[in-house]
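Student: I have a structure open and would like to talk it through with you. Could we go step by step, with me asking as things come up?
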Amino acid sequence: MRLTCLIAGTVMAGTLVGGALPAFAEELHVPLFSYRTGPYAGSGIPIANGMHDYLTMLNERDGGINGVKLRITECETGYDTQKGVECYEQVKGDGALVISPYSTGITLQVIPKASVDKIPVLSMAYGLSAAAEGNTFPWVFNPPDTYWDGASAIVTDIARREGGAENLKGKKIGYIFLDAGYGREAIPLLEQMSSDMGFELMQYAVPGKEMQNQSSQWLNIRRDKPDYMIMWGWGAMSPTAVKEATKIRYPMDKFYGVWWSGGNDDAAAGGEAAKGYRTLNFHGVGADYPFVADIQKYVVDAGKSQVDPAKFADNLYNRGVYNSMLIAEGIRRAQELSGKTVIDATDMRAGLENLDITEERLKEMGMEGFALPMKLSCTDHSGHHKVYVVEWDGKDWQKSGDWFSPDVDMVKPLLEKAAADYAESNAPWPERTEPCATN
Amino acid sequence: MLYRESGQYKTSYIADQAIFPIREDRVGMVLIGLVALVIPFVASDFFLNAIMTPFLILALAAIGLNILTGYAGQLSLGTGAFMGVGAYSCYKLTTIFPETNIVILVLLSGLFSAGIGVIFGLPSLRIKGLYLAVTTLAAQFFLEWCFIRIPWLYNYNASGAIEVPERRGFGDIVLTGPAAGAMTQYFIVLGIVVVVTLAVKNIVRGRIGRQWMMIRDMDIAAELMGVRPLTAKLSAFAVSSYLCGVAGAMFIFFYLGAAEPSAFSITLSFQILFMVILGGLGSLVGSFFGAAFIWGLPIVLRAGLPAIGIGIGAETVFHIATMIVGALIIFFLIVEPHGLARLWSLGKEKMRVWPFPYA
């Protein structure tokens, strides 16, 4: 009896494995690494919905991109690097055009692999900052800004409020971060800025396991009384930090988050008391854009989305949309450059490298005012674009102040050095052989 | 049926003491060996990279934990951390001695893990059972803390991760790093796992292994009969940690390619503990069964469910896989508490007495 069960089980398992063969057709495969489970799901779900819905909208409204349908697959990573690698292996052989790891940890793992397997990695405003150096990392893209741009932008904004960079001398700036590849990414730049400008940098690490219990870190913050706080939080860490900050009555208008700590749920955890909490942003907030109406019409109302109607078009959802827009525009550019509609990963790389989203194109997409024009080049895979600050008004994010540029002069040489260091410590790092495609 | 032993006579002690005394077992092993050698030539890179290689590595880690928990009866929750010690020491070794063959370094790095294991095994001389589990849990947290807080361990890398450099060997074949072939890595892992498993098999059926089992079954009686608990328990910790260390080093160098400290978290420890419990405590073949089950099932479900036309979201598949694995663990613990290995040996018994099974 048990024996037959065993045999039946083996046969079933065999058929399952055998059935899992990829199918090829006239389509563009865009895999999305998402995490709708685990401790980071709070941030991961709106992102995943936004990314998925924009691409679905292109399929429904335009029949894909230039007549070729997109095949959108989601691979659940749970923000776990191990599962991310597994997802990567899974999509690698399946005609994946571009990898969006959505986790700095997974990005770090995937960067060396992708360069060998020749699949571009689009880590939109996350991942390895040094990857902006296109000559060292031809296969990795991190537009519109790197983490170092983000950190320098926050310090720039603080300096503006203090009335000049010279007034930062002697100030104390606290940095509370998720103790993982993601949170540590900004430290080298902040340390450099602190020695250049003379402010004191105080670091408060939050281990991933304890991100929902930050009382000890905030106790220290209360004791140290930093003049400003900068946060690099993600998942359950950000709402907890905002709540703890309101508990110790930290002045919220001096509390800055990077763009990833700007979820609506993150700030809402502090409620009214979190008023004034601010984060960086590089795309519009709210639903008053024509493309949002299209998503509503073709995807949400058609029941093809998983989004909770109350959370439709919130800040992180819009960011997912922005990311998908970059993917779609990269595909479009690649089609233009290669002259074929069904492109492969190599074409996609060239497309991303020559990405040039103009004001007219934004208007065409119904994204006027949602994003700024952006352009990438062979050498610059990030672009160091302008950002702005959004402020929490107790209910929603409001634009506060104008778009401004991060401290590019400061960041650029550091990026070059970091890229050289990376290539050296990962020797033999392959030399760039990909030609600079131009139109 | 298949197992017809009649006519197989053992005429010497050597034949009687063989690892596989029955001819059918030997034939089976040869067949499994052939399949293992043929797989890389027929399977896809995904199958090798994401299923076979990690399965073999985790099976070795499960054998490591099985030595400690299954054979010597010392409950441990620090497996993940001991694997981490192996991985980090291998990383340090290869950055200090870049010319040395990585396979040698992987095998050496287990020694560091063994040393750490012995230190954290010292409390086992005084405390037992769940209390010992708590001290190994402390080892887990302490070592994980070290991986995060001692930057020397990861060569002051800004992101706190260890990245596997490219290493060549055996006549300029790329063994590690992103350019390494799936087949190369599979064969290295297979080689190490087979050799180490054979060595362990001979340890557990010899004097040392019997000491472990005596300690497990009744430590006072064992002591009265002349087994020294100090050497027996600490040698179990040493061998177990050595195996875990080697597995951890291989996990990073031949599978993941880079690792953050969180790769060696308590989750990994539990995963391996489940493999051991489900596979069968005190059984080497059970470790392989357990590893295949815990590692393979979610992947098969995730790749298989959409392929047979059940089109559900990625995260639903994930939830379902977790639920099925959880339900199966409970099911097996009720139906067959001795794990898959016991199921296998029952099946074998039945085949041996075919057509009149009574077991």
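Student: At what angle do helix α4 and helix α11 of chain B pack, and how far apart are their axes?

Tutor: Bearing in mind that this is a predicted model, helix α4 (residues 79-96) and helix α11 (residues 266-279) of chain B pack at an angle of about 110°, and their axes are 6 Å apart. That angle makes α4(B) roughly perpendicular to α11(B), because angles of 65 to 115 degrees are put in that class.

Student: Which residues meet there?

Tutor: From α4(B) the residues are B:Thr79, B:Gly80 and B:Met83, and they meet B:Ile266, B:Leu268, B:Ser269, B:Ile272 and B:Leu273 in α11(B). Sorted by class, this contact of α4(B) with α11(B) has 5 nonpolar and 3 polar residues, with no charged ones.

Student: Zooming out, how many helices and strands does chain B have?

Tutor: Chain B has 14 helices and 4 strands. Its radius of gyration is 21 Å, close to the 21 Å that the globule rule gives for 359 residues, so chain B is as compact as a globular protein of that length. Along the principal axes, the C-alpha atoms of chain B fill a box of roughly 65 × 60 × 45 Å, and 47% of its 359 residues count as buried.

Student: Where do the domain bounds of chain A fall?

Tutor: The domain assignment gives domain 1 as 27-146 + 286-385 + 415-425 and domain 2 as 147-284 + 388-414. The C-alpha centres of these two domains of chain A lie 25 Å apart, and their contact takes 32 residues from domain 1 and 27 residues from domain 2.

Student: Which element gives the most on the domain 1 side?

Tutor: That is α12(A), with 5 residues on the side of domain 1 of chain A that touches domain 2. By class, this side of domain 1 has 15 nonpolar, 12 polar and 5 charged residues.

Student: One last thing, at what angle do α2 and α11 of chain A cross?

Tutor: The axes of helix α2 (residues 41-62) and helix α11 (residues 290-300) of chain A cross at roughly 75° and come within 9 Å, and α2(A) and α11(A) are therefore roughly perpendicular to each other. Among the residues that meet are A:Asp53, A:Tyr54 and A:Arg61 in α2(A), with A:Asp294 and A:Tyr298 among those in α11(A). By class, this contact of α2(A) with α11(A) has 5 nonpolar, 1 polar and 4 charged residues.

Notes: Residues numbered from 1 in each chain as written. Chains lettered and ligands numbered in written order. Predicted model: local features only at pLDDT ≥ 70, side-chain atom pairs only at ≥ 80, totals over all residues. Axes fitted to C-alpha atoms, helices over the stretch in contact; angles between N-to-C directions. Helix = DSSP H or I, 4+ residues; strand = E, 2+ residues; numbered from the N terminus. Parallel < 35°, antiparallel > 145°, perpendicular 65-115°, else oblique. Contact = placed C-beta atoms within 7 Å. Nonpolar A, V, L, I, M, F, W, Y, C, P; charged D, E, K, R; others polar. Rg over C-alpha atoms; globule rule 2.2 N^0.38 Å. Buried ≥ 20, exposed ≤ 12 C-beta atoms within 10 Å, placed from the backbone. Domains from an automatic or database assignment.
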